[in-house]
Amino acid sequence: MIYLKTPDQIEQMRPAATLVSQTLGEVAKWIEPGVTTRKLDAIAHDFIRDNGGKPACLGYGGFPATLCIEVNETVVHGFPSGYTLREGDIIGIDTVVEKDGYNGDSCYTFAVGQVDEKVMQFLKDVKAALYVGIEACKVGKRIGDISNAVQTFCERRGYSVVREMCGHGIGKSMHEDPEVPNFGRRGTGPLIKNGMTICIEPMVNMGSKNVIIEKNGWECRTRDRKNSAHYEHTLAIVDDEVQILTTFDYIQAAIPDRFI
Ligand code: MF3
Ligand code: CO
């Protein structure tokens, strides 16, 4: 069941979307060789609480933390740990904030120090894939048009898209219908309508599309242990226009020299 929102309800989603964006900006300042992912999690947790939000991942279905930490081959839902970031790593930070009864969801993959040129290009391409998906999101088109646009863009560049996890609707719950896969056929799936609020989140592998889920039931890694990257925005469709509710501007402001 897809819950279409009124323009007023969409306005009420802005504080959550803004706070999740600011949280990624705050975490960005701390990403450097030597920091543990547990430290990043603590910073995000306190920042969200200090700003009147609730870390929505913490306790969700038993998830143990505020941030999903995606280092190198981790695709999604990694746990913060004592792992110390190293020069050349990539790290995706994915989190959801609840504020004023609504959720905002965003993810950004960062380079730690100097990374390999090919990996840097990969990050730029996966970020571009997010905007390709957003561009394909138009009233009167279908969810499959978004999926196909993301898949085609990524596969043309020699990457593969993960099948097991999808983007999703969002609102009072972090996961609502419809599912927004990163692969699929044009002209299939639900019609895109005014009032839809969805997250587009390409999860893209440098190598094969195959993933494994760890025994804890959460942490998802590439089977071939090659890098995976992930970018996500929360969007709303209002008056036949797509509005991106989350923003990477806070990340850019926090790390202007390292912004990808
Ligand atoms: N963006 C992630 C998702 O949509 C956020 C997951 S939070 C978690 O799955 F608690 F489920 F891990
Ligand atoms: Co999401």
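The following legends describe close-up views of a predicted model.

Local features are reported at pLDDT of at least 70 and side-chain atom pairs at pLDDT 80 or more, whereas totals for chains, interfaces and linings use all residues. Residues are numbered from 1 along each chain as its sequence is written, chains are lettered from A and ligands numbered from 1 in the order in which they are written, and side-chain values use heavy atoms, with hydrogens and water left out.

**View 1. Site of the cobalt ion (ligand 2).** The protein donors are Asp 105 (OD), His 168 (NE2), Glu 201 (OE) and Glu 232 (OE), at 2.1 to 2.3 Å from the cobalt ion (ligand 2). Donors are N, O and S atoms within 2.8 Å of the metal (3.2 Å for Na, K and Ca); water is not among the atoms, so sites may look incomplete. Along the sequence, the donor residues follow the spacing D-x62-H-x32-E-x30-E. Asp 105 in strand β5 (residues 102–111) and His 168 in strand β7 (residues 167–169) are 63 residues apart, a pair that links distant parts of the chain. Helices (H or I, at least four residues) and strands (E, at least two) are DSSP runs, numbered from the N terminus. Asp 105 and His 168 are both buried, where buried means under 20% relative accessible area, exposed over 50% and partly exposed in between (1.4 Å probe, protein chains only).

**View 2. Open sheet of three strands.** The strand order is β3-β12-β11, with antiparallel pairing. Because β3 (74–76) and β11 (211–213) stand at the edges with a single partner strand each, one side of each has no neighbour in the sheet. From one strand to the next, the twist averages 35°. Strands count as paired if DSSP finds at least two bridges between them; β11 and strand β12 (residues 220–222) share three bridges. Ile 212 is placed opposite Arg 221 in β12.

**View 3. Strand β2 (residues 68–71) and its partner β4.** Cys 68 and Glu 70 on one side of β2, and Ile 69 and Val 71 on the other, are all buried, so that both faces are covered. β2 runs antiparallel to strand β4 (residues 90–99), joined by four bridges. Glu 70 has Gly 92 as its bridge partner in β4.

**View 4. Packing of helices α3 and α4.** Helix α3 (residues 117–135) packs against helix α4 (residues 143–156) at an angle of about 155°, and the axes are 8 Å apart. Axes are lines fitted to C-alpha atoms, for helices over the stretch in contact, and angles run from 0 to 180 degrees between N-to-C directions. The two helices, α3 and α4, are therefore roughly antiparallel (over 145 degrees; under 35 is roughly parallel, 65 to 115 roughly perpendicular and the rest oblique).

**View 5. Backbone geometry at Pro 178, His 77 and Asp 240.** Asp 177 and Pro 178 are joined by a cis peptide bond with omega of about 0°; Pro 178 belongs to strand β8 (residues 176–180). His 77, which is not a glycine, has a positive phi of about 60° and sits in the loop between β3 and β4. Asp 240 likewise has a positive phi, near 65°, in the loop between β14 (233–238) and β15 (241–244). Asp 240 counts as exposed because its relative accessibility is 52%.
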